Amino acid sequence: MAKKPIISVKSIFYTAVSLVWIFGLSAIGHIVMVLIEKYNPAYKFTFAWQMAITGFVIIYLTRWMKSDGWQSFWGTLGGLGLWFSFEYSLMYGGERMGVCYTWNGSYPEYRLMKWTFMMLLMVFTYLLYQESVRCNFIFFLRRTLGLMRTKAIATGKIGNYGPRTAFEYIMVTWTFYVLLMIAYDPELFGPHSWFTYMLFFASFSVFFYLTYKLLGYGKFGANLRYAIPTVTILWNDVEILAKWGLLKEPWVHINWPIMSVIIAGFSISTYLIVRDLRGRKQEMIESNDVM
Amino acid sequence: MKYWKFIITVLVSLVLAGSVQAEEQQEKTHKEKYAEKIKAMEETFWAASQAGKTVKGVFVEGNSFFNGTTEPQNRPFGKPYTAEELYAAKQSAERNSKIFLLAEDGTLYYPCPRKGERVTQSEQAHRMPRVLTKQQKAEGLFTWSTQTPMVGRTIEVYGEIYPGYAGVKGIHIESIYFEGEYIVGEKD
């Protein structure tokens, strides 16, 4: 269990920077895809391979990084690279099979992704019982449902957070895409259904709860890792507002003034994270309750 | 491994370098090409529209049309379906039931790829470049559309028309114009 957060100016700073960095990363990831599709669609599958190779190489290289901060920082980028290539692989599959857009506008790749929900559940089931997993949500499920023969909390040192962080980024992003696509499906729920409204308000509430918990992680590393689900949950609301027509996403409609602010925020937060991590080069944390 | 920073930089740079350099050189060209393409598309469309060479019609869903479950041809132009029929037609369309263009004059068009292309895919999976008025541009509306969300809506298209077969003509849609936003509807 996470301890009650000790809120200080320092922890607020770390939390704010981590949130801005992860949010900026997601926004920039989106606009990169939109720009490629608009100006040079022929390049997209080359880009997908480059991102896949880059992702794998980065994850591999984290084995030589000695601080959990650097491991988490690069692990997130490695996870993003692999996620890019996953989306593009679905796009390619959609083109090969002639998958069309839905009548409420969902793209072919996300239609395909929706039907990976059973695969997602299988992977999640493995994680649910995998004893070295340290996800707080999974701990909650283990405790509540009495899933484990032994105590539900993993302990001990983790050698490398890099692959874990990449996997966390992928799993969290995958889960929420599938959840949103199920919510948008008019034959199951629909964009204006009770389920989507519930998802919207639940995501909004959980975001604040997770931000509060995030304040307890006063170092880049744990803070960055915990910021991934926190921002992705907020991203649900961004996506739903866009689906309802209440928000024009600046990364989809290429709104450069807003994107400039996001890119600036991302650059400043990257600088602050790198500066902080360089200041405490080889520090490694040992934690009982952090992913 | 004290040189990991160096190795990571070299590896990532190698993977990205070629394309990034090419992208930098081509970025302006791609952007310019895109702008020129859109400008040419709009000019062609509006000129064709004035000369009466565009096709005004509605997209109709093929399965229910051909088996006679719906009769959009017998309904007032612009309102091819009842609300219930439209819901079913859109569901079928997104399950890849073929979509046809029913013109205002009653001609039926089958949207198809350009003549001569051999290995092709369903046109329903393609984005159609959208022609926007000045006001629509100012509103920041979507710059493209696909067929499925447009089922039942009045549209105007420009493209190559082919003789087709048995009265059903082929059309390769190059650009599309319609009012409002690409995705509409309270209960979509």
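Helix axes here are lines fitted to C-alpha atoms, for helices over the stretch in contact, and angles run from 0 to 180 degrees between N-to-C directions. On that basis α1(A) and α9(A) pack at an angle of about 55°, with their axes 9 Å apart. This is a predicted model, in which local features need pLDDT of at least 70, side-chain atom pairs count only at pLDDT 80 or more, and totals for chains, interfaces and linings use all residues. Residues are numbered from 1 along each chain as its sequence is written, chains are lettered from A and ligands numbered from 1 in the order in which they are written, and side-chain values use heavy atoms, with hydrogens and water left out.

**Contact of α1(A) with α9(A)**

- Residues in contact (heavy atoms within 4.5 Å) include A:Trp21, A:Ser26 and A:His30 in α1(A), and A:Asn223, A:Trp235 and A:Glu239 in α9(A).
- By class, this contact of α1(A) with α9(A) has eleven nonpolar, six polar and one charged residues (Ala, Val, Leu, Ile, Met, Phe, Trp, Tyr, Cys and Pro are nonpolar; Asp, Glu, Lys and Arg charged; the others, Gly among them, polar).

**Contact of α5(A) with α7(A)**

- Helix α5 (residues 117-129) of chain A packs on α7(A) at an angle of about 140°, the axes being 11 Å apart.
- α5(A) and α7(A) are therefore oblique to each other.
- α5(A) passes α7(A) in a left-handed crossing.
- A:Phe117, A:Met119, A:Leu120, A:Val123 and A:Leu127 of α5(A) meet residues of α7(A), among them A:Phe167, A:Trp174 and A:Ile182.
- The contact of α5(A) with α7(A) divides into ten nonpolar, one polar and no charged residues.

**Cavity**

- There is one cavity of 30 Å³ or more (a set of points on a 1 Å grid over the protein atoms alone where a 1.4 Å probe fits but cannot get out; lining residues have an atom within 4 Å of a point).
- The largest cavity holds about 280 Å³ of space, a volume being the space filled by probe spheres set on the points.
- Of its 21 lining residues, the closest to the centre are A:Ser26, A:His30, A:Tyr169, A:Thr173 and A:Tyr177.
- α1 (9-39), α3 (68-97), α7 (161-184) and α9 (222-243) of chain A each supply at least two lining residues, and the largest share, six residues, comes from α9(A).
- The lining of the largest cavity has 13 nonpolar, six polar and two charged residues.

Key. 1 Å grid on protein atoms, 1.4 Å probe; cavity = no way out; pocket = protein on both sides within 12 Å on 5 of 7 lines; lining within 4 Å. Helix = DSSP H or I, 4+ residues; strand = E, 2+ residues; numbered from the N terminus. Parallel < 35°, antiparallel > 145°, perpendicular 65-115°, else oblique. Left-handed = near helix turned anticlockwise from the far one by under 90°.
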